[in-house]
Amino acid sequence: MELGDHPLFLAPMEDVTDQPFRVICKELGADVLVTEFTSVEALIRNVKKAAHRIRVLEEERPVGVQIFGFNEDSFSKAVEIVVQQKPDFIDINAGCCARKHAARGEGAGLLRDLQNFERIVKRVVASSPLPVTVKTRLGWDHDSIVILEVARMVEAAGASALTVHCRTKQQMYKGEADWSWLEKIRKTISIPLIGNGDVIEPEHAKILLDCGCDGVMIGRAALRNPWVFKQVRYFLKTGLKLSAISLQERVAICKKHLHFYSRHQGTRDRLYAFRKFYTGYFNGIAGCAKLRAALMTAVTATEIENVLDDFLRHSSADTN
Ligand SMILES: Cc1cc2nc3c(=O)[nH]c(=O)nc-3n(C[C@H](O)[C@H](O)[C@H](O)COP(=O)(O)O)c2cc1C
């Protein structure tokens with residue numbers, strides 16, 4: 001898997017980074033995509049939603065499928081299913097902080113049972129013809145930071161890369177990501193290290209790369225601003241900031257996303273869940289509040305498109 005220099009990863013985010021959003025982020029400069037996490041148990045039981053989540057498109061490459069669980073046999077069986085979808089790599093989730101998963105020993109729960117964590121990584125590596133990567137956090141809580149031990153273990157178990165969200169499980173998404181760990185991890189392992197957590201501005205990505213990361217993973221900032229990947233890449237190349245994104249481009253990308261989204265969902269659906277993307281496309285633009293109010297009355301793809309076209313027409317008339 002060729003990744004080029006300092007790849008920018010779109011972080012897996014449940015109910016956000018579905019296939020339509022991943023394709024849009026790719027178009028806007030994300031180099032590597034990862035699916036939302038999918039339960040190995042659900043894959044084995046052939047749950048429809050799980051099977052749907054692991055589908056990837058040719059235009060997403062390179063793309064990884066992320067899986068989670070706590071039982072090594074289930075991981076091994078799930079790998080067989082994932083491989084049929086032909087992703088470029090398989091990512092093991094060892095960072096999910098949701099209580100229902102972590103308490104069962106899944107996600108960040110693996111950080112409390114490093115022996116099981118190791119068995120799982122080894123088993124997935126042994127079962128998978130594809131590269132295997134691991135995404136984790138610093139540790140369970142402030143008093144049990146195990147990331148250096150985990151990094152060593154993950155490398156020795158045969159993983160091809162490690163992504164670290166620089167928070168503990170207990171922090172969830174609170175406080176600040178502690179990037180200072182990245183330098184220490186870098187000195188501990190030789191496999192590619194992907195830094196993650198609180199990268200919002202292009203300068204943040206540069207700091208992570210200066211800490212020795214090979215790549216940077218961006219999550220919530222991509223939802224708030226899908227152009228973040230282009231902005232980061234431009235800054236890394238030139239040291240300069242990209243100029244503001246025009247309203248025309250915002251509307252065009254939002255409409256493209258809407259088109260993929262309605263096709264992906266099935267066109268008869270009411271697209272309430274698409275509303276979470278409006279902030280990213282339109283926050284801060286002139287007339288944003290009015291546009292949002294109008295968008296909140298639109299539920300079908302055609303209604304949403306009409307609102308966007310009207311807004312663009314009126315805005316162009318205002319500026320002429
Ligand atoms: C809504 C939401 C869903 C998430 N789902 C996943 C997931 O499925 N798998 C995973 O490894 N991390 C998941 N995460 C964590 C992100 O991948 C990322 O590690 C975290 O948001 C920190 O990065 P950021 O500060 O760039 O957002 C999720 C985060 C959010 C906000």
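Which side chains does a polar contact of 2.9 Å join? The side chains are those of Arg53 and Glu14. A polar contact here is a pair of N or O atoms within 3.5 Å; within protein, one atom must be able to donate a hydrogen and the other to accept it, and residues adjacent in sequence count only if both atoms are side-chain atoms.

This is a predicted model, in which local features need pLDDT of at least 70, side-chain atom pairs count only at pLDDT 80 or more, and totals for chains, interfaces and linings use all residues. Residues are numbered from 1 along each chain as its sequence is written, and side-chain values use heavy atoms, with hydrogens and water left out.

**Helix 3**

Arg53 belongs to helix 3, which covers residues 48-53. Helices (H or I, at least four residues) and strands (E, at least two) are DSSP runs, numbered from the N terminus. Arg53 is buried, at 12% relative accessible area. Buried means under 20% relative accessible area, exposed over 50%, and partly exposed in between, using a 1.4 Å probe and protein chains only. Beyond its neighbours within four places in sequence, Arg53 is in contact with Glu14, Asp15, Thr35, Glu36, Phe37 and Thr38. Contact means heavy atoms within 4.5 Å.

Ala50 is also found in helix 3. Ala50 is buried, with a relative accessible area of 7%. Not counting residues up to four places away in sequence, Ala50 touches Thr38, Ala42 and Leu43. Val40 is ten residues from Ala50 in sequence, and their C-alpha atoms are 8.7 Å apart.

**The ligand site**

The ligand takes up the space of the largest pocket. Pockets are found on a 1 Å grid over the protein atoms alone: a pocket is an open set of points with protein on both sides within 12 Å along at least five of seven lines. A molecule sits in a pocket if more than half of its atoms lie within 2 Å of its grid points.

There are 16 residues around the ligand, and Pro12, Gln66, Asn196, Asp198 and Arg220 come nearest. A residue counts as near if one of its heavy atoms lies within 4 Å of the molecule.

| Residue | Part of the residue | Distance to a ligand oxygen atom |
|---|---|---|
| Asn93 | side-chain N or O atom | 3.1 Å |
| Asp198 | backbone N or O atom | 2.7 Å |
| Gly219 | polar backbone atom | 2.8 Å |

Taken alone, the ligand exposes 610 Å², and the protein buries 86% of that. Accessible areas come from the Shrake-Rupley method with a 1.4 Å probe; for residues, only the protein chains shown count as cover.

**Helix 1**

Why is helix 1 largely enclosed by the rest of the structure? Helix 1 spans residues 19-27, and seven of its nine residues are buried, so the rest of the structure largely encloses it. The buried residues are Gln19, Pro20, Phe21, Arg22, Val23, Ile24 and Cys25. They pack against strand 1 (8-10), strand 2 (33-34), helix 10 (220-224), helix 11 (228-238), helix 12 (247-265) and helix 13 (278-282). Gly29 follows helix 1 and has a positive phi, near 110 degrees.

**Backbone features**

His6 has a phi of about 45 degrees. His6 lies in the segment before strand 1 and is partly exposed, at 37% relative accessibility. Asp15 has a phi of about 65 degrees. Asp15 lies in the loop between strand 1 and helix 1, and is partly exposed at 45%. Asp15 is also one of the residues in contact with Arg53.

The peptide bond from Arg61 to Pro62 is cis, with omega near -10 degrees. Pro62 sits in the loop between helix 3 and strand 4 (63-68).

Val164 is part of strand 7, residues 161-165. Val164 is buried, with a relative accessible area of 0%. Its contacts beyond four places in sequence include Thr136, Arg137, Leu138, Ile147 and Asn196. Val164 and Arg137 are 27 residues apart along the chain, yet 5.4 Å separates their C-alpha atoms.

Ser128 lies in the loop between helix 6 (114-127) and strand 6 (132-137). Ser128 is buried, at 11% relative accessible area. Apart from neighbours within four places in sequence, Ser128 is in contact with Val79 and Ile90.

Conventions:
1 Å grid on protein atoms, 1.4 Å probe; cavity = no way out; pocket = protein on both sides within 12 Å on 5 of 7 lines; lining within 4 Å.
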